Amino acid sequence: MTARQTDTGDMPRQKPQPNDPFKTDLLELIPFLRAFARSLCGNPETADDLAQETLVKAWQSRDTFETGTNLKAWLFTILRNQFYSDRRRAWRQAPWDQDAAERIPGSSEEQSWAAELSDTARALRSLSDEQREALILVGAGGFSYEDAALICNCAVGTVKSRVARARKSLMSILDGEDALPSAAQSGQGDAADEIMAQLDRLAPPSEHAKRRTKDASSE
Amino acid sequence: MKTRQRAIGRELRRIYEDVAKEPVPDEFVELLRQIDRRGGKGGQTDS
């Protein structure tokens, strides 16, 4: 602690000097914190708030980080804990309000970002939190099942089954069997159509399947 | 089945990487600068 306390905006805006390796690493990992936060929250602004809270928490508890271990996994653990604790607090304060906010894109601002999402991104929103986080960590974030289990504070086998169920749910949602939440026109290519087209090319229906299709054609 | 999983996997990575590739907003850099100068252990963050 220095004697100078006048840190209220009298400094010119500049990038911090990367003299502290911990800080340098934090800076490098911010993009991934934002990506994970976005996948948890959905809403970009809430996600950035969460990522910023995470940085503060990480900085405050930097003494508990063991050098040489996985800093990214450590940060993701903090972020995830913060996400659930923020949400519990919000529930306690205004359960009805939060509940509505979780289910429905309330403000027009939220609707505007929801409309930009691809089909897969929207399908992802309709998974349970547990399945979504496991799938993102392993399927997009490149974490091992072991690291994902550490981050989610559960057994490796639990992560594996969550990822498997998440993949299955996503496929069934993209098949269009389950309604997508707020399926706004995105103007983007349709991922499900693309996937189905690939499937059709690879696996021409067998005679048996053709008969079944004919029989069921009135569906 | 495998092809579909791969396609979905690609899309998931794209969704994640699209955010990760965004330039880091200034607030983040500013925040790190501030907490650094406060010594990190201050009670400033308990709003």
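Reply: A148(A) is buried, because 26 other C-beta atoms lie within 10 Å. The word has a cut-off: a residue is buried if 20 or more other C-beta atoms lie within 10 Å of its own, exposed if 12 or fewer, and partly exposed in between, with C-beta atoms placed from the backbone. This is a predicted model, in which local features need pLDDT of at least 70, side-chain atom pairs count only at pLDDT 80 or more, and totals for chains, interfaces and linings use all residues. Residues are numbered from 1 along each chain as its sequence is written, and chains are lettered from A and ligands numbered from 1 in the order in which they are written.

A148(A) is found in helix α8 of chain A. Helices here are DSSP runs of H or I with at least four residues, strands are runs of E with at least two, and both are numbered from the N terminus. Leaving aside neighbours within four places in sequence, A148(A) is in contact with A134(A), L137(A), V138(A), F143(A) and V159(A). Two residues are in contact if their C-beta atoms, placed from the backbone, lie within 7 Å.

Next comes the packing of the helix itself. The axes of α8(A), residues 145-152, and α3(A), residues 71-93, come within 8 Å and cross at roughly 35 degrees. Axes are lines fitted to C-alpha atoms, for helices over the stretch in contact, and angles run from 0 to 180 degrees between N-to-C directions. On the α3(A) side the contact is made by A73(A), F76(A), T77(A) and R80(A), and on the α8(A) side by D147(A), L150(A), I151(A) and C152(A). These residues divide into five nonpolar, one polar and two charged. Ala, Val, Leu, Ile, Met, Phe, Trp, Tyr, Cys and Pro count as nonpolar, Asp, Glu, Lys and Arg as charged, and the others, Gly among them, as polar.

As for the whole chain, chain A has eleven helices and zero strands. Buried residues make up 30% of its 219 residues. Of the contacts in chain A with a separation of 6 or more, 62% are between residues 24 or more positions apart.
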